[in-house]
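Please read the following report alongside the sequence and the coordinates.

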Amino acid sequence: MPRQEPGAKPTRPLKYAPYVDGAADVTAGTYRLAFSGGPTAGAQFYVTSANRTDVPWTYTAEAGKSIADTWNTKYSKGVTDLTVHGPNGFLRRFRSPGKTAVPEVAARHNAGTGTLDLTFTNAGTTATVTVTDAYGGSPRPSRSPRAPPSPTPSPRPPATAGTT
């Protein structure tokens with residue numbers, strides 16, 4: 001069997017910077033996802049559910065724009081379990097017990113530093129969140145007191161909405 005060449009091969013920068021944000025509305029019994037490919041390229045997203053049978057759903061967001069959809073959790077007994085696949089291995093999973101508010105996180109790639117910026121929102125009770133660097137870092141627990149939802153982590157273009 002051939003051996004893999006040593007070292008890393010440089011890659012070209014990608015035009016798209018996909019993101020998907022999720023938010024539960026416990027009172028209304030809904031879960032909303034907003035999709036974007038980033039400012040310079042559109043992106044296609046493929047959504048599946050671990051607890052619904054009317055899947056999959058696909059979404060395409062134009063460059064510089066976002067698109068959103070809302071799921072009614074009554075079709076999944078109040079529980080949300082959605083997985084979103086996007087370009088170049090992009091993957092996000094959104095889970096919510098439905099009856100109580102839980103911490104939510106928005107993730108953005110920071111092109112300037114090459115890091116992933118996380119913005120946490122907690123509309124529920126006090127929670128402990130542990131972030132672990134999967135590439136050898138150690139866990140960093142942080143305690144989050146109950147707080148009103150924070151503003152959007154970064155500017156977004158207007159979203160179109162639908163209901164699923």
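Does W71 count as buried or exposed, and at what relative accessibility? W71 has 2% relative accessibility and therefore counts as buried, a term that means under 20% relative accessible area, with exposed meaning over 50% and partly exposed in between (1.4 Å probe, protein chains only).

The model is predicted, so that local features need pLDDT of at least 70 and side-chain atom pairs count only at pLDDT 80 or more, whereas totals for chains, interfaces and linings use all residues. Residues are numbered from 1 along each chain as its sequence is written, and side-chain values use heavy atoms, with hydrogens and water left out.

Four strands in the order 4-3-6-7 make up an open sheet with antiparallel pairing, where strands are DSSP runs (E, at least two residues) numbered from the N terminus and two of them pair if DSSP finds at least two bridges between them. Strand 4 (57–61) and strand 7 (91–96) are the edge strands, each pairing on one side only. Strand 6 (residues 80–85) pairs with strand 7 in the antiparallel sense over 6 bridges, and L91 in strand 7 is the bridge partner of H85.

**Core.** The largest nonpolar core has 15 residues, such a core being a set of buried Ala, Val, Leu, Ile, Met, Phe, Trp, Tyr and Cys residues joined through side-chain atoms within 4.5 Å. Strand 2 (30–36), strand 3 (43–49), strand 4 and strand 6 each supply at least two residues of this core. Among the residues with the most contacts inside the core are L33 and W71; L33 also touches residues including V20, I67, W71 and F94, not counting residues up to four places away in sequence, where contact means heavy atoms within 4.5 Å.

**Aromatic pairs.** Rings of Phe, Tyr and Trp (its six-membered ring) pair if their centres lie within 6.5 Å, and planes under 30 degrees apart count as stacked, over 60 as edge-to-face and the rest as tilted.

| Pair | Centre to centre | Angle between planes | Class |
|---|---|---|---|
| W57 and W71 | 5.5 Å | 80° | edge-to-face |
| Y59 and W71 | 6.2 Å | 65° | edge-to-face |

Because W57 lies in strand 4 and W71 in strand 5 (residues 66–72), their pair ties together parts that are 14 residues apart in sequence. The pair of Y59, in strand 4, with W71 links parts of the chain 12 residues apart, and Y59, at 9% relative accessibility, counts as buried. F35, F45, W57, Y59, W71 and F90 form one aromatic cluster.
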